[in-house]
Amino acid sequence: MSIDIDQFDERSPEELAELSNPEHVLRFLYENRDRAWKAKEIASRTPVPENSIHPVLSRLAKQELVRHKAPYWALTDNLDRLRQAYDHHRVTRLFDDCYGEEDRDEWIEASEQAER
């Protein structure tokens with residue numbers, strides 16, 4: 001599978017090697033943004049298992065990164081939204097690499113202590 005040169009230039013080797021299921025789906029839909037696809041077709045053309053594709057697509061739809069008209073799925077037509085989500089993801093990954101991943105339980109505990 002190929003990637004566009006901007007992704008190649010902007011991503012670290014680690015980011016390119018370890019794509020998540022949503023990243024695989026978004027990349028595929030971006031590269032084929034002139035078409036809408038059935039979920040099964042997306043799964044067959046990406047490394048995403050067929051039993052995982054619907055939850056992935058549903059989460060992406062809630063984030064307004066994909067559009068859905070049963071039974072078809074397509075990339076959002078709001079490319080600014082897609083760019084913002086990608087930038088946010090990239091920065092979060094960079095911070096996780098620099099400072100370690102955040103622990104949700106630690107955040108909850110700190111929040112509860114602050115309220116006291």
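**Figure 1. V91, L94, F95 and Y99 make a nonpolar surface patch of about 450 Å².** The structure is a predicted model, in which local features need pLDDT of at least 70, side-chain atom pairs count only at pLDDT 80 or more, and totals for chains, interfaces and linings use all residues. Residues are numbered from 1 along each chain as its sequence is written, and side-chain values use heavy atoms, with hydrogens and water left out. Patch members have over 30% relative accessible area and no salt bridge; like charges are joined within 9 Å, and nonpolar side chains (Val, Leu, Ile, Met, Phe, Trp, Tyr) within 5 Å. Areas come from the Shrake-Rupley method with a 1.4 Å probe; for residues, only the protein chains shown count as cover. V91 belongs to helix 6. Its relative accessible area is 40%, so V91 is partly exposed. Buried means under 20% relative accessible area, exposed means over 50%, and partly exposed lies in between (1.4 Å probe, protein chains only).

**Figure 2. D103, D105, E106, E109, E112 and E115 form a negative surface patch.** E115 sits in helix 7, which spans residues 104-115. Helices (H or I, at least four residues) and strands (E, at least two) are DSSP runs, numbered from the N terminus. E115 has a relative accessible area of 66% and is therefore exposed. Charge assignment is simple: Lys and Arg are positive, Asp and Glu negative, and His and the chain ends are not counted. Each charge is placed at NZ of Lys, CZ of Arg, CG of Asp or CD of Glu. Over the chain, the mean positions of the 17 positive and 26 negative charges lie 10 Å apart.

**Figure 3. R67 and D77 form a salt bridge, with the closest N and O atoms 4.0 Å apart.** The pair links distant parts of the chain, 10 residues apart: R67 is in strand 2 (residues 66-69), while D77 is in the loop between strand 3 (72-75) and helix 6 (79-99). The criterion is a side-chain nitrogen of Lys or Arg within 4 Å of a carboxyl oxygen of Asp or Glu. R67 is partly exposed, at 40% relative accessible area. D77 is exposed, at 59%. The chain holds 2 salt bridges by this rule.

**Figure 4. A salt bridge joins the side chains of D80 and R83 at 2.9 Å, N to O.** Both residues lie in helix 6. They are 3 residues apart, about one turn of the helix. D80 counts as partly exposed because its relative accessibility is 49%. R83 is also partly exposed, at 48%.

**Figure 5. The peptide bond from A70 to P71 is cis.** Its omega is near 0 degrees. P71 falls in the loop between strand 2 and strand 3. A further backbone feature is at E64, where phi is near 60 degrees, a positive value in a residue other than glycine. E64 is in the loop between helix 5 (50-62) and strand 2. With 54% relative accessible area, E64 is exposed.

**Figure 6. H24 touches L19, T46, P47 and V48.** Residues up to four places away in sequence are left out of this list. Contact means heavy atoms within 4.5 Å. H24 lies in helix 3, residues 21-31. Its relative accessibility is 14%, so H24 counts as buried.

Figure 7. E41 is in helix 4 (residues 39-45) and is partly exposed at 30% relative accessibility. R33 is in the loop between helix 3 and strand 1 (37-38). R33 is partly exposed, at 47%.

Figure 8. From the N terminus on, the order is α-α-α-β-α-α-β-β-α-α. The C-alpha atoms fill a box of roughly 55 × 35 × 25 Å along the principal axes. Buried residues make up 26% of the 116 residues. Among contacts with a separation of 6 or more, 49% join residues 24 or more positions apart. The accessible surface comes to about 8,500 Å², and 48% of it belongs to carbon and sulfur atoms.
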